[in-house]
Structure formats: structure tokens, C-alpha cells
Amino acid sequence: MNRTGPVTLVGEGIVRRHGGLTAVDHVEVVVEAGTAVGLVGPNGAGKSTLLDCLAGTQPVDGGRVLLDGADVTDAPADRRSRLGLVRTFQRSSVFASLTVEENLRIGAENRHRHGLVRGIVGLPDPGAVAAHCAVVAVLHRLGLGPLAHRPASTLPTGTLRLVELGRALCSSPTVLLLDEPASGLDEAETDQMRDVLVALRDDGLAIVVVEHDLELVRELADRLLVMAGGRLVAAGPTAEVLNRDDVRATLTGAPA
Ligand SMILES: Nc1ncnc2c1ncn2[C@@H]1O[C@H](COP(=O)(O)OP(=O)(O)OP(=O)(O)O)[C@@H](O)[C@H]1O
Ligand SMILES: [Mg+2]
């Protein structure tokens, strides 16, 4: 298990404004390979906006994003995703009319078919072969094989969350940004999601996870960031931060 890997993703002094509102106000994030950082805070704290800034789905108004030491601040989201920085969304973005396998193929083709490997006339396109292999591996890993040909519209929320994660994994990420992966899941589904995410972390992925389920956060995240009103109000080892009275007050809305 690699828990002291190289720094993979750095968000330095990230700022994002919407009109007069500073949704993210000089926030620092560092995540290393084989570790997970939890990101918690009340509704409207700026958690999803921060993930957007890291993933490139929103531009920053200040600060820098570094991936494996390279500055990707100006790189669009699809380029960051091909470099291994991949996010999932708070609201499910699974295509209901497509099957599980077709949904996964979207993630796989994004990474593998636009790769640098050129095809040879008369032989199968190596990008398509790599994409197919990625889909098969992820279906197996997430236990979705038996559901591969089911339309997403026929599946329960817990399974759709796994499909969404699967699509991200098919892009062969090194850094995963997850926005409330357990939202809408029952207890058994949350346990399954936690086990999958812990295994991915232990396999060497760097994970940033926004989540309101603090038990999941406690088990997955090595370090915890707490945001409120766009600012970082606490950071440190997860158990330590969750034991702080001021953090509990921030998370429950009670006075400190
Ligand atoms: N496109 C936008 N235009 C204007 N304001 C926005 C926009 N997106 C987000 N905001 C505001 O920015 C702040 C941070 O929102 P964000 O969605 O990042 O919070 P969050 O921590 O993810 O909240 P939640 O836990 O409810 O998902 C909120 O005040 C929100 O209303
Ligand atoms: Mg959010």
C-alpha cells in the first residue's frame, strides 16, 4: 500500500468568483498518489466549485492547478481528463437511454481513442482495442458485468453511482475528483461504494472526495479539508479535524 506517494495534484491559492460572491477564496489543496483528501462543509461552502476549478469545468479567477508538477491551469477539462485528472458530478450524469457498457465506453474512448498511438491499416484500431479492454476491466472491477447490457434507466440509484464512477475509471485516471459519490445511496450501497473507493486509493489513485456522509469520509480520507463560505476553515488528519468542536459546529450549523 502506497501512502506516501509523490504529490500528484496541487491547487494553489484557488479563487473563483460569481459576480460579487467569492465562491472559492484562496483555497489550497494537495493530494498524493495512494491517498484520499476529504472535502466537507455546509451547503454552498464552495466544494463543487473547487472541484470544477481543479477539473477545469470552471475557470479560476486566481491561483494555479498543477498535475504531476505541470501547470494545467489554462488547460480545458477534456485535456486534463486525458492527462489523468477526472471528475464525477454531484448530479448523476449517466445517460439513461444508454446501456451500462455504452456509458462506460464514453469514458474509455475519451482517453484511449484520442491517444498518441496510431493505427496500422488492416489491423484493429489500437485506441479502440485499449478502450474495449478498459471497459471490460472496469465492468469486472465494479461487479457490473452482469448488468453490462441493461439500459441505465432500469437501474437503481446505487448502481447508477457505480456506473458514473466506472465511466470516470475508464479514462484511466491518476487523480479522481468525486462530488458526493454516496448521495442518494442506502446503507448497503454506501458500504459498497466505500469499499470500492478504499481499494482504488490503496491501488495508488489520488482521490479528492466531497461527501456529506462523515463515516465514509472518516474511513476513506487520510486528510480532511473543511470549507465554509468559500474559505478553508480547517485542514489536517481526518480524525483530528472531525474531533474539533469548531469543525463539528460548522458541519452541523450549531454555534461553536
Ligand atoms: N454558476 C453560478 N453562478 C452564481 N453563483 C454560483 C454558481 N455556482 C455556484 N454558485 C454559488 O457559489 C457558492 C458555492 O456553491 P457550490 O455549489 O460550490 O457549493 P457546495 O459546497 O458544493 O454546496 P452543496 O453542498 O450544496 O453542493 C454558493 O453560494 C452558490 O450559490
Ligand atoms: Mg456541491
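What radius of gyration would a compact globule with 256 residues have, and what does the protein have?

1. Overall size. A compact globule of 256 residues would come near 18 Å, and the protein has 18 Å, which agrees. The radius is taken over C-alpha atoms, and the globule rule is 2.2 Å times the number of residues to the power 0.38. Along the principal axes, the C-alpha atoms fill a box of roughly 65 × 40 × 40 Å.

2. Basis. This is a predicted model: local features need pLDDT of at least 70, side-chain atom pairs count only at pLDDT 80 or more, and totals for chains, interfaces and linings use all residues. Residues are numbered from 1 along each chain as its sequence is written, while chains are lettered from A and ligands numbered from 1 in the order in which they are written.

3. Fold content. The protein has 9 helices and 10 strands. These are DSSP runs numbered from the N terminus: helices are H or I with at least four residues, strands E with at least two.

4. Contacts. Of the contacts with a separation of 6 or more, 67% join residues 24 or more positions apart. A contact requires C-beta atoms, placed from the backbone, within 7 Å.

5. Burial. Buried residues make up 43% of the 256. The cut-offs count other C-beta atoms within 10 Å of a residue's own, placed from the backbone: 20 or more is buried, 12 or fewer exposed, in between partly exposed.

6. His-26. This residue lies in strand β2 (residues 21-32). His-26 is partly exposed, with 14 other C-beta atoms within 10 Å.

7. Asp-68. Phi is positive here too, near 50 degrees, and Asp-68 is not glycine. Asp-68 sits in the loop between β4 (62-67) and β5 (70-71). It has 17 C-beta neighbours inside 10 Å, so it counts as partly exposed.

Conventions. Contact = placed C-beta atoms within 7 Å.
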